[in-house]
Amino acid sequence: MVGTFWALVPAILAIALALLTKEVYFSLLAGIIAGALFFTNFHVGMAIETTVEVMSSKVAGNIGIVIFLVLLGMVVALMTKSGASKAYGDWASSNITTKRGALGATAGLGVLIFVDDYFNCLTVGTIMKPVTDRYQVTRAKLAYIIDATAAPICIIAPISSWAAAVTSSMPDTNIDGFKLFLKTIPFNLYALLTLGMIVFLIISQMDFAKMKRYEIEKAGSEKKVEDVVAAPKDNKKGHVSDLIIPIACLILFCILAMLYTGGILEGKNIVSAFADCNSSLSLVIGSFFTIIVIALLYLPRKILTFTQFTDSLVEGFKAMVPAILILTFAWTLSGICGDGYMEAGTYVSELVNNSQMTHAIIPVLFFLVALGLAFATGTSWGTFGILIPIVIAIFGNVESTLLVISVSAVMAGAVCGDHISPISDTTILSSTGAGCNHIDHVSTQIPYALTVCVFCVLGYLVAGFTENLLLTWLVGFGGLFITLFVIYKRQKAASPAK
């Protein structure tokens, strides 16, 4: 079963069960157990041992992300208990007077926080929930805006943890990984089209498919997932600055920490430092110093007592336990399906390498393969690591326009698959940050992501045959916006006249 189609079955099983039962913990665990049983030829004892082994190694390998989530939960809890989040919500509500404005501000904040998608998902949700709730934006719509401005922004931002992940996926060749990353940005159709679609949806105030039905059924009455910390009604000491200063410090400290871990003090330039940084360690360092700033900001002014401060740290830890548990299961499932175990990546790689194809269809083929692999495994970064070296090998380590387009297609497909996968960590954190039921977020986001996906396929077909950016954009953007405009016009025609 190793290195065959069966290597994909555990992930497929987990995804199918999640969509059918809406129980993500059970579904992930079922996929993990199935993968372990396949790997050990249904030896129950060895399967349990394998599960524990993979889970231990995956948690250990991602412990920086776990610590970051705990620290970020503490930051959120402190800002909420101080009344700063409520103060910001009151201020934003007086300055943001429409639903369109609330959605636009959410998307704008998501674009500004480009350093890391984990940081983006949790921070944007925490800040904007009070504002979007006031204008009856459903948590599913909020989760979509957060998710669609997290990875798509990070994957086209040269200074981000994702840029580092992509450049680190490059094999040892004479091709400069960071320069290649910069060249892929204009051809990263999924990221660019998704951002364009968000702008259209916000301006037109239009929804369609499952999201539209959800908005009609749930607006103003949905059962929302419990927020990280319930804001105390009696604490009115916090001000807007008590939220803005910690968030600004968090962004600044994370960027400085990335430069530090990347070797800026050892003589490296800024670009090299970002490319070589340890992103998870940087996020931990940044969030740790942010908590120190919050202590210096809150305690002397008696916004929080010392007891309230320490209690908030515990509350923030507790609030992140569900997200950490889901991530742990998702990482374990990815590990069971990955290298050293079921070898799903090897199976996909062999399919690609053994197929006979013209170079013109390589971009669209890699887009679809990356989409499927990221969907099944829930990891964009793992998909980069598997497929980018294959693309480089196909073109013989010679940089060309078609190589740039093909690498762009891998990156775009990985983000698309990540977006529609229920076991993706970014998807999980988006629903967590928005306080939305995870399966509601996945099911409402999939039609939007697949709509963009269709025009990515058409765009990469054009790009493969013409290697022309203008024609690629014309087909991709033109097709998407014409489709959205037709849907908008039909909805306007079908709606009763006012």
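Helices here are DSSP runs of H or I of at least four residues, strands are runs of E of at least two, and both are numbered from the N terminus. With that settled, I start with Phe-367, which sits in helix H20, residues 362–377.

Before going on, the ground rules. This is a predicted model, in which local features need pLDDT of at least 70 and side-chain atom pairs count only at pLDDT 80 or more, while totals for chains, interfaces and linings use all residues. Residues are numbered from 1 along each chain as its sequence is written, and side-chain values use heavy atoms, with hydrogens and water left out.

Back to Phe-367. Buried means under 20% relative accessible area, exposed means over 50%, and partly exposed is in between, with a 1.4 Å probe and protein chains only. Phe-367 counts as buried because its relative accessibility is 0%.

As for cover, 19 of the 20 residues of H22 are buried.

As background, an α-helix has 3.6 residues a turn, so residues three or four places apart point the same way. After H14 comes Gly-263, with a positive phi near 95 degrees.

Next, the cavity. On a 1 Å grid over the protein atoms alone, a cavity is a set of points where a 1.4 Å probe fits but cannot get out, and lining residues have an atom within 4 Å of a point. Grid points are joined across faces, edges and corners, and the volume is the space filled by probe spheres set on the points. How many cavities of 30 Å³ or more does a search of the whole structure find? One. The largest cavity holds about 30 Å³. Its lining is made up of Tyr-144, Tyr-190, Thr-194, His-419, Gln-445, Tyr-448, Ala-449 and Val-452. Helix H12, residues 189–204, and H24 are the elements that give two or more residues to this lining. H24 gives the largest share, four residues. By class, the lining has five nonpolar residues, three polar and no charged. The classes are Ala, Val, Leu, Ile, Met, Phe, Trp, Tyr, Cys and Pro as nonpolar, Asp, Glu, Lys and Arg as charged, and the others, Gly among them, as polar.

H24 covers residues 438–466, and His-438 is found in it. Is His-438 buried or exposed? It counts as buried, because its relative accessibility is 8%. A polar atom of the His-438 side chain lies 2.7 Å from the backbone oxygen of Pro-422.

On to charges. The structure holds five salt bridges, a salt bridge being a side-chain nitrogen of Lys or Arg within 4 Å of a carboxyl oxygen of Asp or Glu. One of them joins Lys-99 to Glu-215, with the closest N and O atoms 3.4 Å apart. This pair links distant parts of the chain, 116 residues apart: Lys-99 is in helix H6, residues 99–112, and Glu-215 in helix H13, residues 209–218. Lys-99 counts as partly exposed because its relative accessibility is 27%, whereas Glu-215, at 9%, counts as buried.

Another salt bridge is Asp-207 with Lys-141, at 3.0 Å from N to O. Here too distant parts of the chain are linked, with Asp-207 in the loop between H12 and H13 and Lys-141 in helix H8, residues 139–148, 66 residues apart. Both Asp-207 and Lys-141 are buried.

Asp-133 and Arg-139 also meet in a salt bridge, at 2.7 Å from N to O. Asp-133 is partly exposed at 24%, and Arg-139 is buried at 3%.

Last, backbone angles. Most residues other than glycine have a negative phi. Gln-136, in the loop between helix H7, residues 117–134, and H8, has a positive phi of about 55 degrees. Gln-205, in the loop between H12 and H13, has a positive phi near 55 degrees. Gln-136 is partly exposed at 47%, and Gln-205 is partly exposed at 45%.

Key
A polar contact is a pair of N or O atoms within 3.5 Å; within protein, one must be able to donate a hydrogen and the other to accept it, and residues adjacent in sequence count only if both atoms are side-chain atoms. On a 1 Å grid over the protein atoms alone, a cavity is a set of points where a 1.4 Å probe fits but cannot get out, and a pocket is an open set with protein on both sides within 12 Å along at least five of seven lines; lining residues have an atom within 4 Å of a point.
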